[in-house]
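Please find below a note on the model, arranged as numbered points. Definitions are given where a term is used.

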Amino acid sequence: MADAGLPTGWEVRHSNSKNLPYFFNASSKESRWEPPEGTDMDSLKEYMAQNTRKPEGKIRAAHLLVKHKDSRRPSSWKEPNITRTKEEAIEILKGHEGRIRSGEVSLGDLAQTESDCSSAKKNGDLGPFGTGEMQREFEEVAFALEPGQVSNVVETASGVHLIQRYVERHGWWLKAPSSSQTVFDEGSRLE
């Protein structure tokens, strides 16, 4: 087996639930989606090309969801009974969008505390998905985004979202770029 170029103690493992590779340190029991510091990226690139495959026809994205009283399920891990209006939810999300746009915070970091989706625990990461697996409005915008790009407000039956498509490198996905690298798609607002 080829050398993965990882620092001592680290190995590449495969997540069955996400169908993606991840990095694991057996001595510290730390696991992470991003390569650990000190990784030889050229060796890792070669290793990943030989040993992993991205699911065909799929993308990976993260999102930040704000629900409202007319959402399909107006409750979340944060609030058992959501009473805000759709207009209030959009204003909240636009405030989050402003913070992301300014470089103050990344979508993933903000999703951890502000998203009404259970994916908040994973920085809003929805994992890989293909066509027909998400609500139509969400899917249309997510697939239209360039890797790393963040949408404007997207409305679905679940609520209102900001979506960020992950960057694909060498057959695997990297976490969406930091807020200072965020690109906004001005043409994808669905209202």
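Are α2 and α3 roughly parallel or roughly antiparallel to each other? The points below begin with the basis of the model and then take up this matter.

1. The model is predicted: local features need pLDDT of at least 70, side-chain atom pairs count only at pLDDT 80 or more, and totals for chains, interfaces and linings use all residues. Residues are numbered from 1 along each chain as its sequence is written, and side-chain values use heavy atoms, with hydrogens and water left out.

2. Helix α2 (residues 86–102) and helix α3 (residues 107–114) have axes that come within 10 Å and cross at roughly 150 degrees. The two helices are therefore roughly antiparallel to each other. Angles under 35 degrees count as roughly parallel, over 145 as roughly antiparallel, 65 to 115 as roughly perpendicular and the rest as oblique. Axes are lines fitted to C-alpha atoms, for helices over the stretch in contact, with angles from 0 to 180 degrees between N-to-C directions. Helices (H or I, at least four residues) and strands (E, at least two) are DSSP runs, numbered from the N terminus.

3. The contact (heavy atoms within 4.5 Å) brings His 96, Arg 99 and Ile 100 of α2 to Leu 107, Leu 110 and Glu 114 of α3. By class, this contact of α2 with α3 holds three nonpolar, one polar and two charged residues.

4. An open sheet is formed by three strands in the order β1-β2-β3, with antiparallel pairing; two strands pair if DSSP finds at least two bridges between them. β1 (10–15) and β3 (30–32) stand at the edges with a single partner strand each, so one side of each has no neighbour in the sheet. From one strand to the next, the twist averages 30 degrees.

5. Three bridges join β2 (residues 20–25) and β3 in the antiparallel sense, and Phe 24 has Ser 31 in β3 as its bridge partner. Lys 29 counts as exposed, at 60% relative accessibility.

6. β4 (residues 59–66) and β5 also pair in the antiparallel sense, over three bridges, and Ile 59 stands opposite Phe 129 in β5. Four of the five residues of β5 are buried, so this strand is largely enclosed by the rest of the structure. Buried means under 20% relative accessible area, exposed over 50%, partly exposed in between (1.4 Å probe, protein chains only).

7. Asn 123 lies in the loop between α3 and β5 (125–129). Its phi is near 60 degrees, a positive value in a residue other than glycine.

Technical notes
Nonpolar A, V, L, I, M, F, W, Y, C, P; charged D, E, K, R; others polar.
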